[in-house]
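Subject: Structure handover

Hello,

Here is the structure I said I would pass on. Please open it alongside this message.

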Amino acid sequence: MNFTGKILVVDDEAHIRKYVTLMARTLGRPTVIEAANGQDAVAIFAREKPDLILLDINMPRMDGVETLQAIRALDRDCVIVMLTSLVNRQTVEECARLGANDYLRKDVPQAEMAAQLQRVIEEEFTDEPPAPPVPGP
Amino acid sequence: MKKSDEPTGDAAPAVPGEMRYSLTELLQAVQLERNAPTFAMEKLDQGEITKLYQKSRTRRVLRPKK
(Lines give C-alpha, C1' and ligand atoms only; values in the text may rest on other atoms or scores of the structure.)
Protein backbone atom coordinates (compact mmCIF):
# COMPACT_ATOMS: atom_id res chain seq x y z
CA MET A 1 0.00 0.00 0.00
CA ASN A 2 1.24 3.46 -0.91
CA PHE A 3 0.47 5.42 2.24
CA THR A 4 -0.57 9.00 1.49
CA GLY A 5 -2.00 9.99 4.85
CA LYS A 6 -0.81 12.44 7.46
CA ILE A 7 1.59 11.18 10.13
CA LEU A 8 2.43 12.93 13.39
CA VAL A 9 5.82 11.84 14.78
CA VAL A 10 6.18 12.59 18.50
CA ASP A 11 9.60 12.23 20.11
CA ASP A 12 11.68 14.53 22.28
CA GLU A 13 14.90 13.64 20.49
CA ALA A 14 15.34 15.50 17.21
CA HIS A 15 17.54 12.87 15.59
CA ILE A 16 14.95 10.17 16.35
CA ARG A 17 12.19 12.30 14.82
CA LYS A 18 14.30 12.73 11.71
CA TYR A 19 15.09 9.01 11.59
CA VAL A 20 11.41 8.04 11.94
CA THR A 21 10.36 10.69 9.42
CA LEU A 22 12.81 9.35 6.83
CA MET A 23 11.59 5.82 7.47
CA ALA A 24 7.93 6.89 7.18
CA ARG A 25 8.67 8.44 3.81
CA THR A 26 9.78 5.05 2.48
CA LEU A 27 6.22 3.79 2.97
CA GLY A 28 4.59 6.02 0.39
CA ARG A 29 3.94 9.73 0.11
CA PRO A 30 2.84 10.70 3.60
CA THR A 31 2.71 14.22 4.97
CA VAL A 32 4.85 14.10 8.10
CA ILE A 33 4.52 16.53 10.98
CA GLU A 34 6.75 16.46 14.05
CA ALA A 35 6.21 17.29 17.71
CA ALA A 36 8.92 17.37 20.39
CA ASN A 37 6.70 16.63 23.38
CA GLY A 38 3.26 15.49 24.42
CA GLN A 39 1.79 18.95 24.96
CA ASP A 40 2.78 20.07 21.45
CA ALA A 41 1.48 16.78 20.09
CA VAL A 42 -2.00 17.32 21.56
CA ALA A 43 -2.14 20.88 20.19
CA ILE A 44 -0.92 19.78 16.73
CA PHE A 45 -3.33 16.86 16.77
CA ALA A 46 -6.31 19.16 17.38
CA ARG A 47 -5.25 21.39 14.51
CA GLU A 48 -3.98 18.90 11.93
CA LYS A 49 -6.05 15.76 12.60
CA PRO A 50 -3.38 13.30 11.46
CA ASP A 51 -4.36 9.80 10.32
CA LEU A 52 -1.54 8.14 12.22
CA ILE A 53 0.47 9.11 15.30
CA LEU A 54 3.83 7.55 16.11
CA LEU A 55 4.24 8.24 19.80
CA ASP A 56 7.30 7.88 22.00
CA ILE A 57 6.76 7.23 25.73
CA ASN A 58 9.74 8.64 27.62
CA MET A 59 9.36 12.38 27.14
CA PRO A 60 9.62 15.32 29.53
CA ARG A 61 6.60 17.40 30.61
CA MET A 62 3.94 15.07 29.21
CA ASP A 63 4.93 11.49 28.54
CA GLY A 64 3.55 9.23 25.82
CA VAL A 65 1.04 7.46 28.05
CA GLU A 66 -0.48 10.78 29.18
CA THR A 67 -0.45 11.99 25.57
CA LEU A 68 -2.22 8.82 24.47
CA GLN A 69 -4.95 9.46 27.05
CA ALA A 70 -5.30 13.12 26.06
CA ILE A 71 -5.59 12.36 22.35
CA ARG A 72 -7.98 9.45 22.90
CA ALA A 73 -10.20 11.82 24.88
CA LEU A 74 -10.38 14.02 21.77
CA ASP A 75 -10.62 11.32 19.14
CA ARG A 76 -11.44 7.66 19.45
CA ASP A 77 -10.70 6.77 15.85
CA CYS A 78 -7.24 7.99 14.86
CA VAL A 79 -4.52 5.37 14.75
CA ILE A 80 -2.02 5.71 17.58
CA VAL A 81 1.09 3.56 17.50
CA MET A 82 3.49 3.65 20.42
CA LEU A 83 7.07 3.69 19.14
CA THR A 84 9.41 3.18 22.04
CA SER A 85 12.27 1.24 23.57
CA LEU A 86 10.23 0.67 26.72
CA VAL A 87 8.93 -2.86 26.37
CA ASN A 88 7.96 -4.05 29.83
CA ARG A 89 4.69 -5.94 30.01
CA GLN A 90 3.04 -3.43 32.35
CA THR A 91 3.53 -0.49 29.97
CA VAL A 92 2.65 -2.52 26.87
CA GLU A 93 -0.60 -3.70 28.47
CA GLU A 94 -1.44 -0.27 29.88
CA CYS A 95 -1.14 1.35 26.45
CA ALA A 96 -3.36 -1.35 24.94
CA ARG A 97 -5.95 -0.70 27.66
CA LEU A 98 -5.80 3.06 27.03
CA GLY A 99 -6.53 2.61 23.35
CA ALA A 100 -3.23 2.42 21.49
CA ASN A 101 -3.70 0.57 18.22
CA ASP A 102 -0.25 -0.96 18.18
CA TYR A 103 3.11 -0.89 19.91
CA LEU A 104 6.40 -1.04 18.07
CA ARG A 105 9.92 -1.37 19.36
CA LYS A 106 12.19 1.51 18.47
CA ASP A 107 15.41 -0.28 19.36
CA VAL A 108 15.48 -2.47 16.25
CA PRO A 109 17.18 -2.08 12.86
CA GLN A 110 15.53 0.41 10.54
CA ALA A 111 14.42 -2.27 8.07
CA GLU A 112 12.64 -4.18 10.83
CA MET A 113 10.94 -1.04 12.13
CA ALA A 114 9.84 -0.11 8.60
CA ALA A 115 8.44 -3.62 8.05
CA GLN A 116 6.48 -3.44 11.31
CA LEU A 117 5.12 -0.02 10.43
CA GLN A 118 4.16 -1.24 6.97
CA ARG A 119 2.28 -4.11 8.62
CA VAL A 120 0.39 -1.72 10.90
CA ILE A 121 -0.55 0.52 7.96
CA GLU A 122 -1.76 -2.49 5.93
CA GLU A 123 -3.85 -3.64 8.89
CA GLU A 124 -5.30 -0.26 9.81
CA PHE A 125 -5.82 1.48 6.47
CA THR A 126 -7.16 0.79 3.04
CA ASP A 127 -7.18 3.07 0.01
CA GLU A 128 -10.27 1.38 -1.37
CA PRO A 129 -13.66 2.97 -0.77
CA PRO A 130 -16.02 0.97 1.45
CA ALA A 131 -18.29 -1.44 -0.40
CA PRO A 132 -21.83 -0.13 -0.94
CA PRO A 133 -24.45 -1.71 1.29
CA VAL A 134 -26.06 -4.80 -0.18
CA PRO A 135 -29.75 -4.15 -0.86
CA GLY A 136 -32.07 -6.35 1.13
CA PRO A 137 -34.55 -8.79 -0.44
CA MET B 1 31.06 -57.60 41.56
CA LYS B 2 28.06 -55.29 41.57
CA LYS B 3 27.59 -52.49 43.99
CA SER B 4 24.48 -52.87 46.09
CA ASP B 5 22.89 -49.60 44.93
CA GLU B 6 23.16 -50.33 41.20
CA PRO B 7 19.95 -51.35 39.44
CA THR B 8 19.83 -55.08 38.98
CA GLY B 9 17.84 -54.92 35.76
CA ASP B 10 15.23 -57.44 36.81
CA ALA B 11 13.24 -55.01 38.97
CA ALA B 12 10.10 -53.52 37.39
CA PRO B 13 10.52 -49.87 36.36
CA ALA B 14 8.95 -47.44 38.76
CA VAL B 15 5.57 -46.18 37.56
CA PRO B 16 5.02 -42.53 38.38
CA GLY B 17 2.05 -42.05 40.58
CA GLU B 18 -0.91 -40.05 39.38
CA MET B 19 -0.73 -36.36 40.21
CA ARG B 20 -3.85 -34.33 40.70
CA TYR B 21 -3.96 -30.56 40.90
CA SER B 22 -6.72 -28.30 42.02
CA LEU B 23 -7.81 -25.96 39.21
CA THR B 24 -8.63 -23.27 41.77
CA GLU B 25 -5.15 -23.46 43.25
CA LEU B 26 -3.55 -23.41 39.79
CA LEU B 27 -5.55 -20.33 38.83
CA GLN B 28 -4.58 -18.65 42.10
CA ALA B 29 -0.91 -19.41 41.35
CA VAL B 30 -1.25 -17.93 37.85
CA GLN B 31 -2.93 -14.84 39.29
CA LEU B 32 -0.16 -14.43 41.87
CA GLU B 33 2.46 -14.73 39.16
CA ARG B 34 0.68 -12.18 36.97
CA ASN B 35 0.56 -9.73 39.87
CA ALA B 36 4.24 -10.17 40.74
CA PRO B 37 6.45 -7.16 39.97
CA THR B 38 8.84 -9.33 38.00
CA PHE B 39 5.99 -10.32 35.66
CA ALA B 40 4.96 -6.70 35.13
CA MET B 41 8.53 -5.73 34.32
CA GLU B 42 9.10 -8.66 31.99
CA LYS B 43 10.56 -7.48 28.70
CA LEU B 44 8.51 -8.49 25.68
CA ASP B 45 9.75 -9.06 22.17
CA GLN B 46 7.92 -7.67 19.15
CA GLY B 47 6.14 -10.97 18.46
CA GLU B 48 4.61 -11.09 21.93
CA ILE B 49 3.64 -7.42 21.76
CA THR B 50 1.96 -7.91 18.37
CA LYS B 51 -0.05 -10.82 19.78
CA LEU B 52 -1.26 -8.60 22.65
CA TYR B 53 -2.44 -5.99 20.15
CA GLN B 54 -4.07 -8.39 17.71
CA LYS B 55 -7.78 -7.75 17.71
CA SER B 56 -10.50 -7.14 15.21
CA ARG B 57 -9.42 -4.04 13.39
CA THR B 58 -11.61 -1.70 11.41
CA ARG B 59 -9.63 -0.57 8.41
CA ARG B 60 -9.90 3.15 7.72
CA VAL B 61 -10.18 4.66 4.29
CA LEU B 62 -7.54 7.31 3.79
CA ARG B 63 -8.86 10.77 3.11
CA PRO B 64 -7.73 12.24 -0.21
CA LYS B 65 -5.05 14.90 0.03
CA LYS B 66 -6.28 18.42 -0.46
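What follows is a short account of what was found in it.

This is a predicted model, in which local features need pLDDT of at least 70 and side-chain atom pairs count only at pLDDT 80 or more, while totals for chains, interfaces and linings use all residues. Residues are numbered from 1 along each chain as its sequence is written, and chains are lettered from A and ligands numbered from 1 in the order in which they are written.

The sheet

In chain A, five strands make an open sheet with parallel pairing, in the order β2-β1-β3-β4-β5. Strands (E, at least two residues) and helices (H or I, at least four) are DSSP runs numbered from the N terminus, and two strands pair if DSSP finds at least two bridges between them. β2 and β5 of chain A are at the edges with a single partner strand each, so one side of each has no neighbour in the sheet. From one strand to the next the twist averages 20°; angles run from 0 to 180 degrees between N-to-C directions, and axes are lines fitted to C-alpha atoms, for helices over the stretch in contact.

Helix α2 (residues 38–48) of chain A packs on this sheet, where it touches β1, β2 and β3 of chain A, and its direction makes about 170° with that of β1(A). Contact here means that the C-beta atoms of two residues, placed from the backbone, lie within 7 Å.

Strand β1 of chain A

Four of the five residues of β1(A) (residues 6–10) are buried, so this strand is largely enclosed by the rest of the structure. A residue is buried if 20 or more other C-beta atoms lie within 10 Å of its own, exposed if 12 or fewer, and partly exposed in between, with C-beta atoms placed from the backbone. Five bridges pair β1(A) in the parallel sense with β2(A) (residues 31–35). The chain gets from β1(A) to β2(A) through helix α1 (residues 14–24), in a right-handed β-α-β crossover; right-handed means that, with the strands pointing away from the viewer, the path from the first strand over the helix to the second runs clockwise. L8(A) has I33(A) as its bridge partner in β2(A). β1(A) also runs parallel to β3(A) (residues 52–55), joined by four bridges, and V10(A) stands opposite L55(A) there.

The core

The largest nonpolar core has 37 residues, of which I53(A), L54(A), L55(A), V81(A) and M82(A) touch the most other members. Such a core is a set of buried Ala, Val, Leu, Ile, Met, Phe, Trp, Tyr and Cys residues joined through C-beta atoms within 7 Å. β4(A) supplies its largest share, five residues. Beyond four places in sequence, the contacts of I53(A) include L8(A), V10(A) and F45(A).

D102(A)

β4(A) (residues 79–84) and β5(A) pair in the parallel sense over four bridges, and V81(A) is partnered with D102(A). Is D102(A) buried or exposed? D102(A) counts as buried because 25 C-beta neighbours lie inside 10 Å. Beyond four places in sequence, D102(A) touches V81(A), V120(A) and Y53(B).

The two chains

In all, 21 residues of chain A are in contact with 16 residues of chain B. α4(A) gives the most to the chain A side, with five residues. That side divides into seven nonpolar, six polar and eight charged residues; Ala, Val, Leu, Ile, Met, Phe, Trp, Tyr, Cys and Pro count as nonpolar, Asp, Glu, Lys and Arg as charged, and the others, Gly among them, as polar. Two bridges pair β6(A) with β1(B) (residues 60–61) in the parallel sense.

Regards
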